[in-house]
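Please keep the sequence and the structure in view while reading.

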Amino acid sequence: MSDSQPISGRIFVVVGPSGSGKDTLINWLREKLTDEQKYMFVRRSVTRSPDGQTEDHDTLTKEQFELAKQKGKFAVTWDAHGLSYGIPIGVLAHVNAGGIAIANGSRRALAEMHKQFPHMVVVNLRVDRAVLAGRLAGRGREDAEQIKKRLDRMDIPLAGDLTVFNIENSGPIEKAGRSFIELLSDLEHVPAT
């Protein structure tokens, strides 16, 4: 690969079932991809207080979130599990300037995200069912019935005409991380279509 600028910017949206390791992977990548001019790690706004177990995000009340939405502060918003999520509008400028953005996304929001980011790449984390069950149980946030419901939803199909790459994340995070970095390298000089 040459050291020239990428042909065009892209957002890489990391999705997968709860417990698949989205935040863990993104945090691992943040330590490896330190060129802040090139890589933007998206800090979402969420109507949830920080708890030390989930992603580092900007916490907004429902009222603050709605006001920010009305003022055009978000490129994309969605609701899931009683919470509202927003991707800041500044991500569009970074991507449009040729930068790479990496965001924790939602499988349910991909169609809306694709409208705003037509060159979006979806990185779908795949995890063995038994491994995922163990991770969910280890978090201690859900009872057995809630874990079963999450496991039943783990293979939600990704709808739409999307560019999707599956990365296996049942093992060490370094393995999934290296796969992600290889994907970035492979796509760096491929024109976005």
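How many bridges join strand E3 to E6, and do they run parallel or antiparallel? Strand E3 (residues 45-46) is joined to E6 by 2 bridges, and the two run antiparallel. The model is predicted, so local features need pLDDT of at least 70 and side-chain atom pairs count only at pLDDT 80 or more, whereas totals for chains, interfaces and linings use all residues. Residues are numbered from 1 along each chain as its sequence is written, and side-chain values use heavy atoms, with hydrogens and water left out.

**The open sheet**
- Helices (H or I, at least four residues) and strands (E, at least two) are DSSP runs, numbered from the N terminus.
- Four strands form an open sheet in the order E4-E3-E6-E5, with mixed pairing; strands pair if DSSP finds at least two bridges between them.
- Strand E4 (58-59) and E5 are at the edges with a single partner strand each, so one side of each has no neighbour in the sheet.

- In strand E7 (residues 100-104), 5 of its 5 residues are buried, where buried means under 20% relative accessible area (1.4 Å probe, protein chains only).
- On one side of E7 lie Ile 100, Ile 102 and Asn 104, and on the other Ala 101 and Ala 103.
- In a regular strand, side chains alternate between the two faces of the sheet.
- E7 pairs in the parallel sense with strand E1 (residues 10-15) over 5 bridges, and Val 13 stands opposite Ala 103.
- E7 also pairs in the parallel sense with strand E2 (residues 39-41) over 3 bridges, and Tyr 39 stands opposite Ile 100.

**The nonpolar core**
- A nonpolar core is a set of buried Ala, Val, Leu, Ile, Met, Phe, Trp, Tyr and Cys residues joined through side-chain atoms within 4.5 Å.
- The largest such core has 24 residues, and Ile 11, Trp 78 and Val 91 are among those that touch the most other members.
- E5 gives the largest share of this core, 4 residues.
- Beyond its neighbours within four places in sequence, Val 91 is in contact (heavy atoms within 4.5 Å) with Ile 11, Met 40, Val 42, Ala 101 and Phe 117.

**Helices H1 and H7**
- Residues of helix H1 that meet helix H7 include Leu 25 and Trp 28, and those of H7 include Phe 180 and Ile 181.
- The residues of this contact divide into 7 nonpolar, 2 polar and 3 charged; Ala, Val, Leu, Ile, Met, Phe, Trp, Tyr, Cys and Pro count as nonpolar, Asp, Glu, Lys and Arg as charged, and the others, Gly among them, as polar.

Key:
Buried < 20%, exposed > 50% of the residue type's maximum accessible area, 1.4 Å probe, protein only.
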